[in-house]
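Grab a pencil and open the viewer.

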Amino acid sequence: MLRSLSEDVVVNIKDRLRDVRHLVRSSRHDNPGGPRRPQIAEPFAPPAEIERLLGRAASVVDDTLSAAETVSRTLLPIIRAGDGAKLHGFDTYFATGRAVEGERLFRRDLYAAFKTSPRQDAGNRMPLHEAGFSQAHLAIRKKHGELLTAMHEASAESRLEAVAIVAAATLVELLVSQSGNEATDAAAGLVPLAPMLLAAAILTLSPSGMSDADLLEAAEMAVDARRERITIALASADPVKELGAIFQVLLAHLP
């Protein structure tokens, strides 16, 4: 209990620090489109001269933090919590009677996959909150327990459909946990969230000899080919059902 509580505290602190770093980076004077400020701060925008000075100050802070990160990785090669993270199947993440361990693996593995995805625009994307993965894991267990049961009890003939619908529900809950709203304007979140979940679905259906990087690359190409349909499904009245049908087709053709 205490270990779980301490992990939650650490995760939330790291998320807040990532938010601060994103704010600093987006406030740089050389940021494309100019420095960005939170919407709530718009009515209190400083004069242009002051804003330019603040932007240059933010650039200095951001450059200093980047240099410090580079030096620390070179001089202090420590083992980090995400090191060694490897994607697992949904039957591992949502194993019956192992909620705490499943949540920890789910958060660690998927966040690590997100961080290492080559299709990230690290300078402009909003930081993905690590705590959101824990929230999504809990929401799936609470709201979609029948889908998890169906997946665990599925026959060989119905397993593909059962796994696809769990992957769909997981994507919807992840997008909601990150935005705090319904997952309707979610196109930006499709990369890398959808490929990660398709890769986990592949591992659920059959253990693969492929590396995580190869699995994610194959899943990313599949998502790119169906991006428009996936976006439409997420905005539908029943996104889990509509997205599950798309994922079922994709999984039938993925390795």
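The exercises below go from the whole chain down to a single side chain, and the model is a predicted one.

**Exercise 1.** Work out which secondary structure elements the protein chain has, and how many.

*Solution.* Then read along the sequence, and the pattern comes out as α-α-α-α-α-α-α-α-α-α-α.

**Exercise 2.** Find what share of the protein chain is buried, and what its surface is made of.

*Solution.* Take burial first: 42% of the 255 residues are buried. Next, the surface: the accessible area is about 14,100 Å², and carbon and sulfur atoms hold 60% of it.

**Exercise 3.** Check the span of helix 9 and list its buried residues.

*Solution.* Helix 9 covers residues 212-225, which is 14 residues. At 1.5 Å a residue you'd expect 20 Å, and the first-to-last C-alpha distance is close to that, at 20 Å. Now look for residues under 20% relative accessible area: Asp 212, Leu 215, Leu 216, Ala 218, Ala 219, Glu 220, Ala 222 and Val 223 are buried in helix 9.

**Exercise 4.** Track down the largest nonpolar core, then zoom in on Phe 90.

*Solution.* The largest core has 56 residues, and Phe 90, Tyr 93, Leu 110, Phe 133, Leu 243 and Phe 247 have the most contacts inside it. Helix 7 (residues 159-179) gives this core its largest share, twelve residues.

Notes. Residues numbered from 1 in each chain as written. Predicted model: local features only at pLDDT ≥ 70, side-chain atom pairs only at ≥ 80, totals over all residues. Heavy atoms only, no water. Helix = DSSP H or I, 4+ residues; strand = E, 2+ residues; numbered from the N terminus. Buried < 20%, exposed > 50% of the residue type's maximum accessible area, 1.4 Å probe, protein only. Areas by Shrake-Rupley, 256 points an atom, 1.4 Å probe, with all protein chains shown as cover. Expected span 1.5 Å × (residues − 1). Core = buried A, V, L, I, M, F, W, Y, C linked by side-chain atoms within 4.5 Å. Contact = heavy atoms within 4.5 Å.
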